[in-house]
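Let us take a walk through a structure together. Have a look at the chain first, and then we will follow it step by step.

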Amino acid sequence: MDWNRIEGNWRQVKGKVKEQWGKLTDDDLNVISGKREQLEGKIQERYGYGKDQVRKEIDDWYATQRW
């Protein structure tokens, strides 16, 4: 997975992230700033998911995106 694509285009991508994980706030998205580890942590915090579940969700979401 080329996460650099997400980091480099974070302004455009954050809307898609918010569609997928609606409990994330705009402030959360600004703090995350395209960093995968930050995204994982915020999803765990907001949804109460385990680390493995969050990683799988992010990987599945990334795979469905059309870049």
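Where is the place of glycine 15? Glycine 15 sits in helix α2, which covers residues 10–20. A helix here is a DSSP run of H or I with at least four residues, a strand is a run of E with at least two, and both are numbered from the N terminus. Glycine 15 has a relative accessible area of 39% and is therefore partly exposed; buried means under 20% relative accessible area, exposed means over 50%, and partly exposed lies in between, with a 1.4 Å probe and protein chains only. From glycine 15 to glutamate 57 there are 42 residues in sequence, and their C-alpha atoms are 17 Å apart in space.

Before going further, please keep in mind that this is a predicted model, in which local features need pLDDT of at least 70, side-chain atom pairs count only at pLDDT 80 or more, and totals for chains, interfaces and linings use all residues. Residues are numbered from 1 along each chain as its sequence is written, and side-chain values use heavy atoms, with hydrogens and water left out.

Now step back to the whole chain. Its secondary structure consists of five helices and zero strands, giving the pattern α-α-α-α-α along the sequence. The C-alpha atoms fill a box of roughly 30 × 25 × 20 Å along the principal axes. The radius of gyration of the chain is 11 Å, which agrees with the value near 11 Å for a compact globule of 67 residues; this radius is taken over C-alpha atoms, and the globule rule is 2.2 Å times the number of residues to the power 0.38.

What share of the 67 residues is buried? Buried residues make up 31% of them. Among contacts with a separation of 6 or more, 44% come from residues 24 or more positions apart, where contact means heavy atoms within 4.5 Å.

Charges come next. Side chains of opposite charge can pair when their charged atoms come close. How many salt bridges does the structure hold? There are ten salt bridges, each a side-chain nitrogen of Lys or Arg within 4 Å of a carboxyl oxygen of Asp or Glu.

One of them joins the side chains of arginine 46 and aspartate 28, at 2.8 Å from N to O. This pair links distant parts of the chain, 18 residues apart: arginine 46 is in helix α4 (residues 36–47) and aspartate 28 in helix α3 (residues 26–32). Arginine 46 is partly exposed, because its relative accessible area is 30%, whereas aspartate 28, at 4%, counts as buried.

Another salt bridge brings together aspartate 59 and arginine 36, at 3.0 Å from N to O. Here too distant parts of the chain are linked, with aspartate 59 in helix α5 (residues 51–64) and arginine 36 in helix α4, 23 residues apart. Aspartate 59 has a relative accessible area of 34%, so it is partly exposed, while arginine 36, with 13%, is buried.

Finally, lysine 42 and glutamate 45 form a salt bridge whose closest N and O atoms are 3.9 Å apart. Both residues lie in helix α4, three residues apart, about one turn of the helix. Salt bridges with shared partners join Asp28, Lys42, Glu45 and Arg46 into one network.
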